[in-house]
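Q: Could you walk me through reading this model? I would like the rule for each feature and then the case at hand.

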Amino acid sequence: MGVSAEITSIKPGDDLHICPACGYEYGFHTSFIRLNAPKDGKTSAVKSTRDLYRVILICPECGARFDAGWRVSFSDEESHVVLAATFLH
Ligand SMILES: [Zn+2]
């Protein structure tokens, strides 16, 4: 089954490991969609210093996609920390 184009909002409740669409009960794949990604090839007028990503849950069984309202960002500072840790080895 292909991944659905629609993203359904979902509230993290008691049964977030169960897909509301098909009942698959072993959890979700996760993916990220950049919130401020330019559309139609246009570049955004305001350049954000920190890109914000929506965390998208994808059912491995039926491909339904869900947005639980989680937002994450990957800041430059955190990247530097990762790089510094890498150099120690
Ligand atoms: Zn499903």
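A: Begin with one residue. Asn36 is partly exposed, because 13 other C-beta atoms lie within 10 Å. The general rule: a residue is buried if 20 or more other C-beta atoms lie within 10 Å of its own, exposed if 12 or fewer, and partly exposed in between, with C-beta atoms placed from the backbone. Asn36 sits in the loop between β2 and β3.

Q: Where do the numbering and the coordinates come from?

A: Residues are numbered from 1 along each chain as its sequence is written. This is a predicted model: local features need pLDDT of at least 70, side-chain atom pairs count only at pLDDT 80 or more, and totals for chains, interfaces and linings use all residues.

Q: In the protein chain, where is confidence lowest and where is it highest?

A: Read pLDDT as the predictor's confidence in each residue, from 0 to 100. The protein chain averages 78, and 61% of the residues score at least 70. Confidence is lowest in helix α1 (residues 76–87), at a mean of 54. It is highest in β1, at 94.

Q: How many helices and strands are there in the protein chain?

A: Helices (H or I, at least four residues) and strands (E, at least two) are DSSP runs, numbered from the N terminus. The protein chain has 1 helix and 4 strands. Along the sequence the pattern is β-β-β-β-α.

Q: In which order do the strands form the sheet?

A: Start from pairing: two strands pair if DSSP finds at least two bridges between them. Here 4 strands form an open sheet in the order β1-β4-β3-β2, with mixed pairing. The edge strands are β1 (7–9) and β2 (29–34), each pairing on one side only. From one strand to the next, the twist averages 50 degrees. For such angles, axes are lines fitted to C-alpha atoms, for helices over the stretch in contact, and angles run from 0 to 180 degrees between N-to-C directions.

Q: Which strand pairs are parallel or antiparallel?

A: Take them in turn. β1 and β4 pair in the parallel sense over 3 bridges. Strand β3 (residues 52–58) and strand β4 (residues 65–73) run antiparallel, joined by 6 bridges. β2 and β3 also run antiparallel, with 6 bridges.

Q: Which residues are bridge partners in β4?

A: Follow Arg65. Arg65 in β4 is the bridge partner of Ile58. Arg65 is also the bridge partner of Ile7. Leu57 has Phe66 as its bridge partner in β4.

Q: How many residues lie between β3 and β4?

A: β3 and β4 form a hairpin with 6 residues between them. In the turn, Gly63 has a positive phi of about 80 degrees. Cys62 belongs to the loop between β3 and β4. Cys62 counts as partly exposed because it has 15 C-beta neighbours inside 10 Å. Cys62 and Gly23 are 39 residues apart in sequence and 9.3 Å apart in space, C-alpha to C-alpha.

Q: What is Tyr24 in contact with?

A: Two residues are in contact if their C-beta atoms, placed from the backbone, lie within 7 Å. Leaving aside neighbours within four places in sequence, Tyr24 touches Cys19, Cys59, Pro60, Glu61 and Cys62 by that rule. Tyr24 lies in the loop between β1 and β2. Its 16 C-beta neighbours inside 10 Å are why Tyr24 counts as partly exposed. Tyr24 and Pro60 are 36 residues apart in sequence, yet 8.2 Å apart in space, C-alpha to C-alpha.

Q: Why does β2 lie largely in the open?

A: Count its buried residues. Of the 6 residues of β2, the number buried is 0, so β2 lies largely in the open. For the protein chain, buried residues make up 8% of the 89 residues.
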